[in-house]
Amino acid sequence: MASDEVPQLNKLPANNLAMSSYTAVIRRKFARKINVHDRFARTFDGSVFWPLSQLLTGHSRNLRGLLANALAVTCIGVACGRTPAPGGTGNATSTNVAAPARGGELLVSIRTEPQSFSRFAHADATTDLVNYLTQARLVRINRNTFEVEPWLAESWTRSADGSSYTVKLRPNVTFSDGHPFTSADVEFSLALAYDVKGGGPIIGEGLEVGGKPIKAVAPDPLTVVITFPAVYAPGMRIFDDLPIVPKHKLEAALKAGTFTEAWSLSASLTDIAGLGPFVISSYQPGQRLVFARNERYFRRDASGIQLPYLDRIILDIVPDQSAQMLRLEAGQSDMLADEVRQEDYSRLKRAADAGRVQLFDLGVSLAPDSFWFNLKAGAFAKDPRSGWIQRDELRRAISLAVDRKAYLDTVSLGAGVPVFGLVTPASRKWYSPEVPQTPHDPARARQLLASIGLTDRNGDGLLEDARGTPARFSISTQKGRTAFERGAVVIRDELKKIGVTVDVVLLEGNALVGRLASGQGYDAALFQLGVTDPEPATQLALWLSSGPFHVWNSGAKTPTPWEKQIDDLMARQISTLDEAERQRLFVEVQKIFAEHLPILNFAAPTIFAATSSRVANLTPSVVRPQFLWAADTIAIKR
Amino acid sequence: MSARRAGGAILVFTALATLGASVLAPHSIDARFAGLLNAPPTAIHVRDDAGNWRAPFIYPWKRVSQLEQQYEADRSAPIPLMWLTAGHLAQSSDDARAPLLLLGADSFGRDVFSRLLFGARLSLGLSLLAAVGALLIGGLAGGIAGYLGGTVDDAMMRASDFVLVLPAMYVALALRSMMPLQLPARTVFLLLTGIFAIIGSPFITRGVRAIVRTERTLDYAAAARSLGAGHVRVLTRHLLPATRGFMVVELTLLLPAFIVAEATLSYVGLGFPDTMASWGTMLQDASSISAFADFPWLLSPAAAMFIVVFALNLTLQRGSRGLHYERPM
Amino acid sequence: MFWYVIRRLVFAAFLVFAVSSASLIVARLAPGDYAVGAMGLNATPEAMRELRARLGLDRPIAEQYVDWLSRAVRFDFGRSLANGRPVIELIAESAANTAILAATALFLATLIGLPLGVFSGSKPRGVVPAAVRTASLFLLSMPPLLTSLFLVFFAARTGWFPIAGMSSIGGGFLDLLQHMVVPVGALTLPLIAMFERLQSQATSEVIDQPFVIATLARGVPRTRVLWRDALKAALRPIASVYGLVVGTLLSGSFAVEVITAWPGLGRLMLDALRARDVYLVAGCAAAASVFLAAGTLFSDLALVLVDPRASE
């Protein structure tokens with residue numbers, strides 16, 4: 001190394017004249033600078049702790065710097081100790097003001113960018129939100145009561161056989177660009193939903209009955225006759241999904257085959273017209289969407305004031321949950337688009353107690369966490385576990401062995417209720433206490449497992465089957481969703497107590513969905529099957545064995561006898577117009593489900609949401625988007 | 001001199017703590033205490049409320065609010081500690097209800113201190129091995145590139161640029177998909193070591209190349225060659241040692257980066273099974289505002305990382321004499 | 001010199017090509033694809049087939065690749081599968097935003113980190129240099145996610161700076177500066193630490209060398225020796241990795257950008273990777289390699305300038 005070979009120059013005594021006189025020169029210059037006698041200057045030959053020497057010699061340059069830094073640090077310390085001033089005024093619980101006043105702007109934090117401005121092209125969360133704000137539908141499902149409300153359709157009558165509806169449209173309604181709204185727009189929107197060029201599958205699939213499209217005829221500008229291919233009990237409810245878009249804007253694009261670009265992100269914002277309460281006024285990619293009031297919105301409140309109350313809604317794109325929370329607490333945003341996680345509850349509770357934030361307990365979620373095995377025929381063909389891994393008894397044993405209270409305590413911090421099926425108590429109309437609720441009974445679980453051949457044959461506390469294969473399987477879930485990670489760990493620990501070993505496999509989101517959709521490459525999965533409407537007819541994709549959302553056995557060519565039974569019951573349930581009969585049939589479905597347990601559900605968490613304290617007149621809902629589904633009635637407190 | 005000894009002592013202490021984790025740690029990695037999610041650390045007291053001296057004891061945590069995860073010490077029931085029992089150095093005598101949580105509990109209710117000790121094996125082992133691998137790969141590649149120059153130099157630099165710029169996440173995903181659903185920990189360890197060694201090498205390659213390029217023009221290299229040293233000998237015995245200081249700094253830069261990268265790669269599924277703790281995933285769990293503002297003990301792996309890196313730096317850095325010319329008068 | 005630059009440019013073009021091709025091919029090998037991510041679990045196989053057909057994802061990979069290549073040489077890198085916007089446009093927007101952060105962070109880090117490194121490297125003993133060294137090691141051992149979170153938290157508590165985002169509505173230059181403080185801080189602090197460490201090590205090596213002692217002996221003031229003569233020699237390691245630092249900064253750090261909601265290239269690439277938006281990923285990788293090639297070219301030229309002993 002280079003420096004090793006250098007002789008130790010600085011250790012040699014400086015016996016030459018140049019060095020000694022140099023030192024003397026330095027000392028004398030120093031003495032002259034500080035006006036101290038040369039003899040005293042010698043005292044500064046050695047090193048003195050520099051602030052002191054600076055002080056003593058009057059070289060205060062660095063000292064000034066030191067004092068400036070000390071001052072800055074004290075300022076920072078004082079600022080940190082200062083608590084941010086409370087933002088809102090009123091108390092944290094009331095949301096309704098006597099007479100909401102017009103005006104004000106709402107700042108919302110959203111997670112992702114929209115992929116399009118047209119709900120026909122994309123179904124992601126932000127595009128859906130844009131759709132809520134700028135477009136309107138024929139009917140609206142009230143997300144609180146889950147009942148159908150007339151919206152653009154003023155009233156409708158059902159025909160005698162129940163398969164067609166004559167709908168009277170609201171008169172004197174215009175689009176945001178002034179063009180009048182007529183039944184031609186309804187016809188056009190429905191045709192668009194089915195048109196493959198227009199993006200078909202996104203909306204069109206939800207608008208089919210028995211696989212066949214719905215027909216709409218417009219005899220006059222304010223009437224539409226809708227014909228279902230078969231009797232459809234939910235009726236007009238199905239139209240909550242269909243935004244009514246202006247024919248005059250989009251017809252040309254559809255004919256030319258450029259519909260997917262028509263309202264895409266590169267489109268000019270003035271081309272986008274709708275019947276919703278707001279219009280998009282600006283879009284800064286990656287940053288925010290700004291919505292301005294639609295002056296031609298058709299709704300008025302009870303006292304005749306034209307809705308919406310808000311002047312503007314600003315959606316800021318903030319991908320990180322922590323940053324969203326901090327903005328809400330600091331008053332830099334008014335609400336989060338989605339619910340609050342249980343982990344963040346305590347911070348928000350403190351902010352709510354200080355009056356800065358309003359915290360809402362929205363009740364139990366509609367969609368519980370779902371755990372299912374891969375029940376596809378032949379999925380475990382070459383696997384030594386094929387004798388027992390797809391058996392009903394295994395799943396019943398798991399349902400008995402897992403303590404649902406422990407699950408709730410760990411996964412949602414105790415906030416929630418245990419559930420025993422896909423329908424939670426939040427679904428007031430369809431939940432039934434008649435559906436059997438499995439108790440927590442590990443002994444009975446062991447008996448069930450013994451009945452399919454899984455017993456502890458070698459005394460090590462773990463179960464094996466007759467051939468010695470250990471009772472062991474893997475649960476695949478999504479990395480990054482902490483609720484699922486905790487849930488999988490709870491299931492693993494509970495099953496260890498009855499001798500079943502579980503491996504938790506955390507996969508990346510897209511990879512996991514790929515495996516689940518193809519039905520290959522996983523043993524069991526823990527995931528959430530999103531539900532926005534408790535009406536069972538909207539969930540046919542899940543219940544029917546031919547449905548694509550039939551996750552445990554999707555694309556089943558040969559359904560099991562009980563799956564055929566469910567198919568049959570659901571078909572009858574859709575075509576019966578008698579509400580009581582429908583409920584009875586669905587309870588039957590739930591009972592069959594509980595007996596064979598293709599999906600196990602353990603708990604439904606409580607949903608919390610929060611807004612700043614300046615927002616009033618909110619109608620919170622347990623499904624997303626919690627507040628913005630009724631954006632036209634949100635007001636700012638004065 | 002004393003700084004180096006201090007650094008060495010800390011490293012030896014860390015190594016001993018890591019190796020003796022199963023004795024030092026009061027609990028196993030996945031022992032969960034369901035009623036103590038995010039519980040604060042239990043302080044060890046020797047004087048009770050009345051002022052009497054007692055054998056070391058702890059106060060159990062009583063949960064005040066489940067949803068808000070608030071706990072309060074139950075001062076009416078001091079629990080004494082048991083020493084050198086059941087293969088553990090220290091444990092609470094009522095472990096099921098009032099466990100000894102020296103660094104609190106995480107969001108699953110697991111003891112952070114035990115996971116820290118056991119995770120040290122995994123994280124430190126992986127990062128050290130990967131860092132040494134990166135230093136080797138980078139040192140050789142950079143040395144050869146700097147020594148030979150010309151087209152070889154260009155080609156190797158472009159190769160290292162390629163490695164730097166390729167989206168590692170895709171490669172990791174593709175690799176993961178080719179493997180069975182359950183990965184044994186050893187496979188993951190080897191795979192991650194290899195990936196990190198390759199990904200960490202570009203910075204080292206560049207630095208070593210620059211140093212070697214200038215050093216090869218210096219006199220001592222010419223002297224070595226004139227004495228008949230072959231190219232390899234000149235490179236390894238004379239030129240590469242000049243990069244020692246740079247390599248030491250890079251080591252301290254790479255170690256924490258690899259520990260964090262292990263957690264990032266676990267997002268694409270290339271992580272260790274849940275039954276093994278690692279500092280990277282512990283820190284990731286702590287990376288949310290509710291975590292580190294309200295439960296700062298979850299950040300202990302970061303403190304541990306700092307201590308290890310600091311000690312390494314103290315030990316390996318060769319001090320200089322400083323820039324002064326001593327005036328002996 | 002001229003031929004050197006030409007050669008480097010040719011190699012850079014080759015690198016861009018290699019990286020984008022590799023990322024397209026590897027994306028194919030990765031599990032899942034855009035259709036699965038976009039449509040989710042409840043899509044029918046027919047719907048997914050239709051979507052793939054519409055986006056051209058069901059063609060054989062060779063055909064897709066050739067098609068992409070033929071458009072890429074005309075600088076048309078395709079459209080994002082998710083929102084249909086041209087890839088070039090998306091990347092240009094995000095790269096500009098990231099460049100603002102990168103330039104500021106680099107400038108500040110060089111301005112602060114280099115002198116700190118020289119200072120701490122020249123004094124092996126002393127409280128202040130030891131404190132500087134310890135602070136650097138501390139910053140280096142903090143994961144970038146935590147540094148960003150801490151700064152965001154600090155901004156929230158003091159209320160001095162906006163918490164996230166790049167601008168407020170109708171904000172001007174001053175507003176941009178305010179929004180920039182937190183992300184630039186998150187980027188700069190680890191960079192300062194890295195520069196300080198590298199520079200400190202290099203300085204402490206250089207000042208042991210004979211030419212420094214000779215210069216001191218000639219009577220040149222200590223500060224001048226340190227900041228002029230020794231510094232030039234000690235800049236060697238930093239100059240060599242400077243290009244890599246420039247390249248990686250310009251490609252964006254997704255940890256910082258996600259937490260501070262800065263619409264930059266790092267976040268764009270992460271979202272594209274998650275959604276398997278293959279053309280956007282290829283475009284981002286190509287952009288990153290362009291930045292890296294430019295950065296390394298700049299740093300290699302700077303290296304020759306700084307240390308004349310590095311002969312060409």
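**Strand pairing and helix packing**

Mentor: Strands β1(B) and β2(B), the latter residues 53-58 of chain B, pair in the antiparallel sense over two bridges. Strands (E, at least two residues) and helices (H or I, at least four) are DSSP runs numbered from the N terminus, and two strands pair if DSSP finds at least two bridges between them. This is a predicted model, in which local features need pLDDT of at least 70, side-chain atom pairs count only at pLDDT 80 or more, and totals for chains, interfaces and linings use all residues. Residues are numbered from 1 along each chain as its sequence is written, chains are lettered from A and ligands numbered from 1 in the order in which they are written, and side-chain values use heavy atoms, with hydrogens and water left out.

Trainee: What is the bridge partner of H45(B) in β2(B)?
Mentor: F57(B) is the partner of H45(B).

Trainee: Which strands form the open sheet in chain B, and in what order?
Mentor: The order is β1-β2-β5-β6, four strands with antiparallel pairing. The edges are β1 (45-47) and β6 (88-92) of chain B, each pairing on one side only. Neighbouring strands of this sheet are turned by 45° against each other on average, direction ignored.

Trainee: Now chain A: how do β4(A) and β5(A) run, parallel or antiparallel?
Mentor: Antiparallel: five bridges join β4 (residues 153-158) to β5 (residues 164-169) of chain A. S155(A) stands opposite K168(A) in β5(A). The hairpin of these strands has five residues between them, and G162(A) takes a positive phi near 85° there.

Trainee: Which residue of β7(A) is the bridge partner of T166(A)?
Mentor: V225(A) is that partner; β5(A) and β7(A) (residues 223-227) pair in the antiparallel sense over five bridges.

Trainee: Changing topic, at what angle do α5(C) and α11(C) pack?
Mentor: Helix α5 (residues 87-122) and helix α11 (residues 236-250) of chain C pack at about 150°, with their axes 9 Å apart. Axes are lines fitted to C-alpha atoms, for helices over the stretch in contact, and angles run from 0 to 180 degrees between N-to-C directions. The two helices are therefore roughly antiparallel, the term for angles over 145 degrees.

Trainee: Which residues meet there?
Mentor: Among them are A102(C) and L106(C) in α5(C), and Y242(C) and V246(C) in α11(C); contact means heavy atoms within 4.5 Å.

Key. Parallel < 35°, antiparallel > 145°, perpendicular 65-115°, else oblique.
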